[in-house]
Amino acid sequence: MKQKIGLLVMAYGTPETEADLMPYYTSIRRGYAPTEAEVAVLKQRYDAIGGLSPLAAITKGQAELLAKQLNEASDSIEYELFIGHKHMAPFIEDAVTAMHEAGVTEAVAIVMAPYFSMFATASYFERAKRRAARYGMTIGEVTAWNEEPEFLAYWSRALQATLETVKESKAGVIFTAHSLPYHVIHMGDTYPQMVEATAQRIAAEVGLTEYTMAWQSAGVRGDWLTPDVAEVTRQVAQHVEAIVYVPIGFVCDHLEILYDNDIACKALCEELNVMYQRVPMPNTDAVFVKAMAQAVRRLPIKDEVKA
């Protein structure tokens with residue numbers, strides 16, 4: 001009989017109906033309700049990408065494929081999937097409670113964000129373990145998975161294919177990731193260095209000698225990590241005919257990609273008279289999901305999972 005292990009996949013969350021916009025935005029703002037004008041701006045952005053975000057559906061697909069890959073590779077462990085969100089129901093705490101109710105006493109947790117950050121991913125694990133403590137449940141943490149070979153392989157392959165589409169033009173490459181507040185960086189968060197190291201490895205794999213790192217999707221309050229992607233775009237556009245964006249800080253198509261890149265960055269490229277290209281997001285690519293599976297298998301669960 002196989003040992004049952006809970007597989008807790010944690011993600012940011014996204015509104016799935018228009019009625020979700022206010023509670024979602026309130027959660028993001030740590031309990032402070034947004035104004036109607038702020039909600040209207042958010043709704044306009046969702047409308048611009050065709051309605052609400054595909055994030056929830058893609059996360060579900062990624063999580064299901066992850067569980068499938070793990071179970072197919074194990075002779076003695078059966079992973080049971082649970083999904084919890086940071087800002088939308090079912091919340092992380094709901095997923096942990098559901099694991100307990102299903103009889104799970106041991107679980108592994110992974111965040112749909114490949115880089116560890118004290119500001120971002122650490123809070124997911126804190127919430128999960130706080131709820132798990134109620135039930136005496138142990139949870140192993142996959143704190144980061146950006147160095148998995150399959151993670152690098154996906155982005156290298158996808159970037160190489162995209163560069164082929166602009167090979168007749170002089171192209172600049174901009175790697176992007178979500179910005180963080182500067183106060184977190186001053187606390188010693190190593191997130192920027194991890195992202196930049198990954199960009200360097202991918203660039204080396206495809207033979208890039210020149211590229212630029214930029215930060216995108218910053219919040220509207222406080223000082224955030226720079227240089228911002230718009231600023232970098234203006235600089236790079238002075239020397240190239242096309243710009244290829246590589247959003248290595250994200251794992252799927254959602255608002256930050258479909259709006260911040262495909263609408264805002266594209267409009268800026270058109271203004272600057274350069275071609276816009278973006279590397280396809282991983283979504284449910286099997287090689288990309290394998291990076292997460294490999295990271296889960298590296299956790300010491302009684303050495304019962306085949307590598």
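Helices here are DSSP runs of H or I with at least four residues, and strands are E runs of at least two, numbered from the N terminus. H4 covers residues 92-101 and H5 residues 121-135; they pack at about 35 degrees with their axes 9 Å apart. Axes are lines fitted to C-alpha atoms, for helices over the stretch in contact, and angles run from 0 to 180 degrees between N-to-C directions.

Who touches whom? H4 brings Ile92, Glu93, Val96, Thr97 and His100, while H5 brings Tyr124, Arg127, Ala128, Arg131, Ala132 and Tyr135 (contact means heavy atoms within 4.5 Å). By class that makes six nonpolar, two polar and three charged residues; Ala, Val, Leu, Ile, Met, Phe, Trp, Tyr, Cys and Pro count as nonpolar, Asp, Glu, Lys and Arg as charged, and the others, Gly among them, as polar.

## About the model

This is a predicted model, with local features needing pLDDT of at least 70 and side-chain atom pairs pLDDT 80 or more, while totals for chains, interfaces and linings use all residues. Residues are numbered from 1 along each chain as its sequence is written, and side-chain values use heavy atoms, leaving out hydrogens and water.

## The parallel sheet

Four strands line up as S6-S5-S7-S8 in an open sheet with parallel pairing (two strands pair if DSSP finds at least two bridges between them). S6 (212-216) and S8 (275-278) are at the edges with a single partner strand each, so one side of each has no neighbour in the sheet. From one strand to the next, the twist averages 30 degrees.

S5 (residues 171-178) pairs with S6 over five bridges, and Phe175 sits opposite Met213 in S6. Helix H8 (residues 191-206) packs on the sheet, touching S5 and S6, and its direction makes about 135 degrees with that of S6.

On a 1 Å grid over the protein atoms alone, a pocket is an open set of points with protein on both sides within 12 Å along at least five of seven lines, and lining residues have an atom within 4 Å of a point.

The lining includes Lys170, Ala171, Gly172, Val173 and Glu210, and divides into seven nonpolar, three polar and two charged residues.

Key
1 Å grid on protein atoms, 1.4 Å probe; cavity = no way out; pocket = protein on both sides within 12 Å on 5 of 7 lines; lining within 4 Å.
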